[in-house]
Amino acid sequence: MPDVVLAVARFGFLVLLWIFVFAVAGVVRRDLFIGARSSGLVAAPRGLGPAAAGPKVKRGKAAHLLSVKEDGRPERTITLADTPITIGRAEDCTVVITDDFASAHHAQLVPRDGQWFLQDQGSTNGTYLNNAKVSGLTPVPLRVPIRIGRTSLELRS
Amino acid sequence: MPRTPTRRNTELLLLLGAIGIVLIFSAAAEAGSAGEVTADFWVLPVMLGLVLLAAHVVVRFVAPYADPVILPAVALLNGLGVVFLRRLDLGELNLKDRAGLSVFSGLGFKQLIWTLVAIGLFSALLIVVRDHKSISRYAYSLGLAGVVLVAIPAVLPSSLSEVNGAKLWVRLGPVSFQPGEFAKVALLCFFAYYLVRKREVLSLASKRIAGIDFPRGRDLGPVLAVWLFSMLVLVFEQDLGTALMYFGMFVVMLYIATERVSWILIGLGTFAGGAVLAHSMVSRLQLRVSIWWDPFSDARGKGYQLVQSLLGFGTGGLFGTGPGAGQPTIIPEAENDFITAGFGEEIGLFGLTALLCLYMVVVMRGLRTAVGVRDSFGKLLAGGLSFTLGLQVFVIVGGVTKLIPLTGQTTPFLSAGGSSLMANWLLIALLIRISDAARRPVLATPKEPLKLQDAHTEVIRT
């Protein structure tokens, strides 16, 4: 076997190995953005039409973060996508809170045209926005506390 | 709404790339060691490739949203391992006999068969377990099974359980296996379940000392129990690596469950204490530490293996001698613990770093799965599984490169041996199962469609 062939095999193999590693890294990188760009709801639950119908609200004004302050626990912050957020004690909620005064499926936050709406899901102890009990779909301004049991949540940009 | 991509075609493409690389490695290894590429160099890679494609089809049907890079990365590692073992078989022969060695013989073929069995188990687990949460129902049985599996070699007489001084085996005639490898996965499932149940009390009740929250004394019970268990393993099975694995696994899962740094400190502290204690009691450990401290003081005797390993790395240098062109068979146990040294000699620092990157990718995707999955059991299990894989690679590669004292662990997916392959493929099956749950779009399967007539009227205040 001539030396040239061996040298090609030796370095070619290393190059291929690294190409594979970079290909994997590329897949992982593209994967990071999945979900972030798939905007829009499937259908507005109350027949208001898809989000695309209205004028696009500037991204800068919309809330991107949800801070959750549970009793006796450090505050956590959740980055919001354009999908509805369910809040409650049940494991399948988007935001699971351990609060004895919260129901399993307590409340829901729904985005519509860049504005978040709060809705109580028939909870036992009710959902409060700025100390007023929420009934029906209520728009949530930035930095106004939502109270569920002993837990307080707040939208931030 | 655009359909969430399943990424299965990406996986298929990467998998085909991996098989291609294994094929080229096989050709290069034969050219390097036997001087010619034999007519059947493709047999092992292609057989392996077919089974891997079958595994891909299984994933496509039963876990369509699973992570697309875990399977190809593991497949490449496993394939390179099989071909490298075949290359070691060639290295044992005289130069002129090498081209004539049948592909259906030796370590390489045996490893291929074990891989087939392991991938069979992988597929079976994926098909049987459709929801990882169902594993938590068998958590206590799995925990018991894990402890029993660990204990079997310790209570068996040495003639049935001892290989090279470590009592980790069960040897029944021609069949021998390492139950500890399976115990690892079983115990992980149990730890995850147990910590989900106990995380509240472990993370909330605490005393604050010097800025760090320390748990109450009575909550230390489980940690001490696992610590004692690992120390018993250390003393009875004469193996630091296994003890380190079990304890590290538990402490890290405790940390994931509670987010308390104090558990890491307590874990490191108790393990350091235990290791010092064991060092004074277990002679084998003293030997290992003294070899690690200065292998060259007895380079032809006790330190021979490690010295040969280091020389192998040194010979390889940056780019290696080329596949098949090195002398990895000089290192004792080059097919087991020291396989990374063999790789280091032949593919050099560049190649070995690529292999370590592949391990890193698998671990990273496992941790990403843990972040993405929504139930606590899945989070803990995925975090624990991927950390354990990473820890095992660290322990063995660190040992072979003289970073830490050498302890006998297998290199996942590379070392010869059925138990290790099967257990690690089962581990990967669990990770893939959980990553499928983590990446499955939530909206795709609504529990019950919302009906317009059920909706109550409402006022939107603006």
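How many bridges join strand 1 of chain A to strand 11 of chain A, and in which direction do the two strands run? The answer is 5 bridges, with residues 65-69 and residues 151-156 running antiparallel. Two strands are taken to pair if DSSP finds at least two bridges between them.

Before I continue, a word on the basis of these values. This is a predicted model, in which local features need pLDDT of at least 70 and side-chain atom pairs count only at pLDDT 80 or more, while totals for chains, interfaces and linings use all residues. Residues are numbered from 1 along each chain as its sequence is written, chains are lettered from A and ligands numbered from 1 in the order in which they are written, and side-chain values use heavy atoms, with hydrogens and water left out.

Of the 157 residues in chain A, 37% are buried, that is, under 20% relative accessible area; exposed means over 50%, and partly exposed lies in between (1.4 Å probe, protein chains only).

Let me return to strand 11. Its residue L155(A) stands opposite L66(A). Strand 11 of chain A also pairs antiparallel with strand 10, residues 146-148, through 3 bridges, and T151(A) is the bridge partner of I148(A). The hairpin of strands 10 and 11 has 2 residues between the strands, and G149(A) there takes a positive phi near 60 degrees.

E154(A) meets R143(A) at 3.6 Å, N to O. This pair links distant parts of the chain, 11 residues apart, with R143(A) in the loop between strand 9 and strand 10. E154(A) counts as buried at 16% relative accessibility, whereas R143(A) is exposed at 56%. E154(A) forms a further salt bridge with R156(A), at 3.5 Å.

Finally, I turn to chain B. A salt bridge joins E181(B) and K184(B), with the closest N and O atoms 3.5 Å apart. The two residues are separated by about one helical turn because they lie 3 residues apart in helix 7 of chain B. Both E181(B) and K184(B) are buried.

Definitions and conventions: Helices (H or I, at least four residues) and strands (E, at least two) are DSSP runs, numbered from the N terminus. A salt bridge is a side-chain nitrogen of Lys or Arg within 4 Å of a carboxyl oxygen of Asp or Glu.
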